[in-house]
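Visitor: Please take me through the model shown here, one question at a time.

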Amino acid sequence: MASLKPLDIYKLLPKKNCKECGDPTCLTFAMKLAGGKAQPDQCPYLDENAKAILGASTRPPIQKVKIGVGERSFTLGEEMVQYRHEKTFIHEPGIMTAIPDTMPGDRIKEITTDVRDYVLTRIGTDLRLNGIAIRCESGSPGEFSRAVEAVESVADLPEVLMSTDPVCMEAGLGVSGNYRPLIHAATHENYQEMCRLAKKFSCPLAIRADTLDSLADLSSKCATEGVSNLLLDLTSPSLHEVLNRTTAVRQHAVTRQTPALGYPVFLDCAQPGLEDAFLVTGVAKFGSVLVCNPLSQPVRKALLVLRQNIYTDPQKPIQITPGLYRIGSPGKDAPVLLSVNFSLTFFTLQGYLEASRVPSLMLVVDTEGLSVLTAVASGKLQEAMVKEAIAKFDLGNAVSHRKLIIPGYAAPLSGRIEDATGWKVLVGPRDAADIAEFLLQEWKP
Amino acid sequence: MPTVTFLPSFRKVEIVKGSTILEAAQKAGFHINVVCGGQGKCGKCKVIVKSGRTEFDHEQYESILSAAEVEDGVCLACQAKVIDDLRVVIPDATLVQEQQILVDSGEIPTALNPAVWKYFLTLVPPSLDDQSPDLTRLLWEIEKSGGPKERAIYAPLEVIRRIPRVLRDSGWKITATVALVPGGYRLIHVEKGDTASHIYGAAVDLGTTTIVVYIRNLADGHIMGIGSSYNHQISCGEDILSRVTYAKSGGGLTKLQSLAVDSINVALTEASNSAGIDREDIYEVVVAGNTIMTHILMGIDPAYMIEEPYVPVVRRYLTTAAQRIGLAVGENSGLFIFPAVSDFIGGDIIADILASGMAESEEISLLIDIGTNFEVVLGNRDWMFTCAGAAGPALEGGEVLFGMRANPGAIERITIDPVTLVPSFSTIHNQKPKGICGSGLIDLLAQLLEACVIDRTGRINMTIAHERIRMGRHVPEFVVAWKDETAIGRDIVVTENDIKALIMSKASVLAACQTLMNKAGIARGEISRIFFAGAFGNYLDKNHAITIGLIPEVPVGRVTGIGNGAIAGANIALLNRRKKKVLDEIAEKIAYVELNAEPAFMDEYTRSCFLPHTDLSLFPDVETKLGQCRIRRGST
Amino acid sequence: MGISTISDWTGQIGELVIGATRSEGGTRSRTLKVGGEKDLNGIGNAPLGYPAVVAYEIADDPDLWPAVARHAVGDASSDPAAWARFAEAEIRPDLIRLYCTSTRRRGFSDCAAIRKTVEEVLQATSLPISIEGSNDPAIDSEVYQKIGEAAAGERILLGTAEAGRYRSVAAAAMAYGHSIIAQSPIDINLAKQLNILLREIGIPRDRIAIDPYTGALGYGFEYSYSVMERIRTAALKGDEDLAMPMISSAVDSLTIKEVREAEGEDADRIAVAWELYAMLPAYLAGAAIVSVRHPETVPLIRDACSSLFQVHPGGGE
């Protein structure tokens with residue numbers, strides 16, 4: 001799990017400084033390897049031992065699996081870490097809306113259409129639900145294929161076909177098997193048949209067993225059958241059990257202790273009374289395919305935003321384009337608030353400003369995505385930048401006064417900003433939550 | 001042309017109408033502070049026009065000049081244009097102050113293996129029996145005296161032209177000078193009589209602010225003379241970036257190049273005068289400087305180093321004839337410029353490494369060179385990591401209310417009585433204090449922490465009732481010296497904002513050290529030596545530097561100041577040509593770590609913005625000491 | 001030998017007790033314990049530690065409170081004592097957090113009123129209490145002194161100490177036997193620094209709850225989530241200066257655009273979803289106390305947290 005340091009890698013390299021890898025020295029190559037910016041096979045002189053060590057440390061410990069075809073298909077697995085702060089989580093879990101095959105066709109189409117069309121746009125990204133899970137509750141191959149047909153008739157969304165009966169499964173695959181649906185599920189009882197279907201249709205396969213040991217055993221059996229695009233179904237009625245299973249599977253996978261558990265995780269979150277809790281646990285704790293009932297608007301919004309948050313690369317702060325942002329319809333006497341281009345700071349302040357109902361302007365300067373506190377601390381927020389921004393975004397013409405409200409944490413810069421810009425500086429609150437009160441009491445153009 | 005008279009010295013200079021007062025002052029030989037590079041932004045170049053007409057828009061600079069100043073005729077030298085004869089006063093504050101330039105390079109033990117030799121030769125005059133040519137005759141004699149083989153020595157045309165005259169005028173007793181250059185042996189000089197003992201070389205530290213020159217006798221290695229000078233480029237901008245900006249302007253590079261050469265020549269002259277030698281007898285000049293400085297010295301455009309993707313034009317070492325760039329030394333004398341690693345890691349750092357000896361040792365060393373920018377090198381003879389960053393000016397006394405450079409009158413040492421909180425201090429040249437310089441600020445920070453006046457984030461504990469702890473105009477402050485003790489008639493204080501600026505500066509340095517250590521997987525216990533290069537490192541209290549977490553905690557005996565490492569390294573390379581070969585190896589070996597591209601750096605920085613560091617286990621001895629301080633404080 | 005979670009931690013989260021009963025010198029009907037874990041929340045067959053504490057937040061000046069949270073309790077919000085009484089009877093949180101929002105008004109000076117409010121709230125409810133005081137160094141000293149004194153003996157959780165203003169809060173807590181919420185702006189290092197500062201002025205470790213500050217979902221929650229995970233794993237690796245229980249509060253959740261722009265019932269649904277979908281991950285990331293403002297979130301978050309914590313969900317009260 002612990003990644004190798006450049007110097008550890010350097011000791012494994014030939015130290016010839018031959019430059020054949022494209023780097024000037026073995027040490028700089030080692031730095032790139034450690035940072036994942038180069039591959040071991042770029043070095044022609046690695047011995048077998050070094051290859052084994054370096055190869056293992058750079059290859060993802062969790063199998064890559066793709067579900068669906070076309071635009072809405074999605075990829076799972078390839079995760080490297082236990083905690084997102086260690087590097088980042090890679091592939092967002094797919095949220096699959098479940099319908100029973102006993103549901104009337106029109107209703108199935110309605111739900112499928114909704115899943116197909118629903119989109120929530122945040123920070124320039126479209127967030128969507130991923131696909132449909134069709135449960136074979138009828139036990140009838142005919143009913144099941146009818147339901148799959150109903151889904152297929154309105155959308156080419158990724159699907160999960162859910163039945164433990166190979167006959168029903170084959171009927172469903174007869175309809176959509178060419179579009180790489182996830183087959184759910186193989187057990188110790190039916191795995192040979194299910195593996196045959198997975199191979200026949202080149203589909204990924206979810207497997208299920210009572211314990212993790214039994215599951216590891218089953219995954220090995222499926223691998224022997226030639227099926228390696230597997231998902232592990234870790235569903236249990238106990239959420240505590242689910243949390244412990246998903247945690248254990250990720251630990252065993254990323255530490256490579258149990259390679260037979262190195263597969264993405266499937267969870268059926270449609271659990272009575274606890275669906276929200278299952279979904280949250282699935283998103284935060286290593287789920288890759290989450291099956292759920294049709295979700296209300298507020299819940300799906302919260303779920304999609306949570307998923308986006310958890311799967312954002314923590315090492316890349318999301319930055320806002322510097323500029324002059326208007327809140328409401330600010331007039332010439334509207335207050336101007338200085339802020340930084342760290343997305344969290346920006347959105348928080350924007351939110352509180354909107355809530356204050358005082359039309360205002362936000363002057364956002366480029367602190368390379370740092371918050372006010374860190375920007376001040378590291379010198380990334382300086383008076384010269386404020387002066388430049390005032391000129392660049394023509395603030396002088398946007399308002400008739402010459403007053404600038406700066407964040408409370410930027411108070412040490414107040415004098416220098418005043419000197420550099422010639423604008424009168426008012427030190428605002430440190431907490432954006434207090435901005436409404438501040439504007440109410442202190443702001444006079 | 002109008003004449004500008006500078007007061008109080010009455011130095012006069014003629015200048016083209018429309019030139020700036022700054023240009024006139026430069027022509028007259030004054031070194032004026034131009035922090036912003038002459039853009040009218042910094043307000044450091046204020047001068048007073050006593051009589052005559054200038055073109056200067058006072059309104060445009062009303063944020064810089066007070067009404068009273070305008071009334072007095074104060075204007076900015078970089079902006080005011082000369083219209084007719086002027087009388088101008090340059091206030092002291094406008095002139096670049098003389099400061100302590102670190103000239104000592106310590107004792108550097110190295111073998112004497114220079115790249116230039118002199119041979120006193122007595123030639124057998126030609127005869128009808130022996131009609132071999134003059135040159136062959138001379139070169140044979142060199143070979144016979146133990147020098148290189150006749151066929152291996154190249155003789156340039158200008159030397160050959162001198163040979164017949166010198167041989168005959170001298171009665172066939174001459175001294176020949178041979179240098180080993182990248183192309184092989186080269187006959188660089190022929191002169192009458194025996195001058196074999198007059199063989200000198202110059203080592204040069206070409207700094208952004210100061211220049212130091214050592215002249216050494218290459219026959220025995222002795223130091224003959226030392227000279228120093230301000231880098232005259234200061235009048236084109238104080239920091240390196242404003243120099244590059246200046247270089248981009250029309251003719252800027254040529255101007256900077258000649259200012260660099262002038263500065264070196266001034267120092268060379270001082271050194272050769274003190275040595276009592278003729279500059280013509282200097283046969284090799286070795287220069288170590290940062291990458292931008294050496295580019296400018298060689299007249300190579302530095303512009304591409306400061307914009308993405310930040311590439312220098314050359315990285316390897318450079319050689320040429322010293323006179324080609326205008327250095328006032330012997331006609332065929334060689335010039336050797338140290339190689340660089342990157343735009344930020346220049347020959348000065350390679351020189352530091354050479355002087356420290358870390359590149360030849362198995363032990364792991366950490367080398368830190370602190371100025372406004374800092375460079376850190378970690379490694380041993382097998383591997384090296386390096387990085388560079390901006391420490392901000394606080395450690396040199398900048399951006400601190402009563403901060404100043406290490407000039408006379410600066411408080412350079414402070415102790416604070418832990419019980420009475422009364423500070424005692426010493427100043428440079430024992431003058432009444434004017435301000436506090438970097439080493440004094442480090443002491444202050446460490447002592448305030450030990451006295452529990454500030455907490456680990458640098459905030460002053462205002463609940464302590466003491467006359468020296470008070471609310472200043474904006475923020476809390478601690479009084480270091482009462483106004484009647486000072487030379488400036490005001491209380492000298494350190495404010496909470498000053499302390500924060502210092503902590504941020506020290507945090508940049510420590511975070512850089514930690515980042516390199518993490519990158520290499522080296523714990524502090526594995527570090528055998530910490531080398532401090534540069535003036536700052538030489539004067540500071542090493543214990544206090546560890547107490548505040550400027551550097552990692554190691555037993556203080558492992559911390560060594562190597563003084564001006566750039567000049568020391570240049571001296572070594574001058575005396576021992578074999579070390580020059582090592583230089584390119586060092587430069588090749590070092591892996592440069594770009595801190596801005598290291599996600600862990602900001603984290604390390606935040607951890608380091610604490611006294612001494614957020615992870616207290618990295619500073620166990622400091623913790624023990626501070627624990628005792630708190631107990632003592634609690635019991636008073 | 002079954003495959004299970006790998007637990008090679010060496011550290012343990014310290015315990016913090018909130019509230020004092022009559023026998024302990026206070027007037028609370030019960031005390032709350034948090035902390036004690038040796039792994040992440042809910043991990044292990046018999047997890048150590050205590051179930052999540054669900055806090056419900058009220059304010060003494062409801063004008064400075066999200067409308068959706070105010071409307072959800074009707075008239076009760078007009079008076080802090082009535083609000084607290086209503087909360088205990090109808091909402092049933094484990095902990096009531098009173099925000100003295102009145103101190104956030106510019107020019108606030110009526111410290112006597114704060115004292116009265118605290119006394120009335122303590123009268124009105126027997127639940128353990130946490131109180132958020134002022135946020136301005138100029139008045140902090142007096143405000144915290146008044147709160148601390150009014151709640152003397154009740155072992156309340158007193159907020160909020162920050163790196164720039166911790167001495168007043170700490171002094172009040174030490175003088176009257178309370179514990180402290182130590183808040184830092186979403187950064188593990190700043191959290192640790194503040195804990196060191198508090199330790200060095202004499203606050204024992206078992207009197208501190210870490211508030212790493214929780215951004216609203218979609219508005220920085222990802223930073224808070226990872227900072228909480230980092231703090232928790234650092235503590236489990238043995239960093240004692242981070243081994244205090246954490247409190248996570250959905251303070252920003254109800255002022256976001258999504259909630260403000262929704263009308264009527266929709267606003268409630270969004271508010272509850274936003275609180276639940278932030279506080280539950282916060283619990284997974286290591287928070288011991290989760291704190292919300294919408295009454296309907298309280299039972300949902302409690303059920304979810306106990307299902308994660310308990311081996312047998314729904315195994316009775």
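Guide: Domain bounds come from an automatic or database domain assignment. This is a predicted model, in which local features need pLDDT of at least 70 and side-chain atom pairs pLDDT 80 or more, while totals for chains, interfaces and linings use all residues. Residues are numbered from 1 along each chain as its sequence is written, chains are lettered from A and ligands numbered from 1 in the order written, and side-chain values use heavy atoms, without hydrogens and water.

Visitor: How far apart are the centres of domain 1 and domain 3 of chain A?

Guide: Chain A is divided into domain 1 (6-58), domain 2 (65-310) and domain 3 (323-442). Taken over C-alpha atoms, the centres of domain 1 and domain 3 of chain A are separated by 48 Å.

Visitor: How many disulfides does the structure hold over all chains?

Guide: A disulfide is counted here as a pair of cysteine sulfur atoms within 2.5 Å. Cys21(A) is in no disulfide, the nearest cysteine sulfur, that of Cys18(A), being 6.1 Å away, and the sulfur of Cys513(B) lies 7.4 Å from the closest one, in Cys387(B), which is too far for a bond. Over all chains, the number of disulfides is zero.

Visitor: Is Cys513(B) buried or exposed?

Guide: Relative accessible area (1.4 Å probe, protein chains only) under 20% means buried, over 50% exposed, and in between partly exposed. Cys21(A), at 15%, is buried. With a relative accessibility of 0%, Cys513(B) also counts as buried.

Visitor: Which strands of chain B stand at the edges of the sheet?

Guide: Helices (H or I, at least four residues) and strands (E, at least two) are DSSP runs numbered from the N terminus, and two strands pair if DSSP finds at least two bridges between them. In chain B, five strands form an open sheet of mixed pairing in the order 2-1-7-3-5. Each edge strand has a single partner, so one side of each is left without a neighbour in the sheet; the two are strand 2 (11-14) and strand 5 (74-76).

Visitor: Which residue stands opposite Thr3(B)?

Guide: Strand 1 (residues 3-7) of chain B runs antiparallel to strand 2 of chain B, and four bridges join them. Within strand 2 of chain B, the residue opposite Thr3(B) is Glu14(B).

Visitor: At what angle do helix 15 of chain B and helix 6 of chain C cross?

Guide: Axes are lines fitted to C-alpha atoms, for helices over the stretch in contact, and angles run from 0 to 180 degrees between N-to-C directions. The axes of helix 15 (residues 599-608) of chain B and helix 6 (residues 188-200) of chain C come within 9 Å and cross at roughly 15°.
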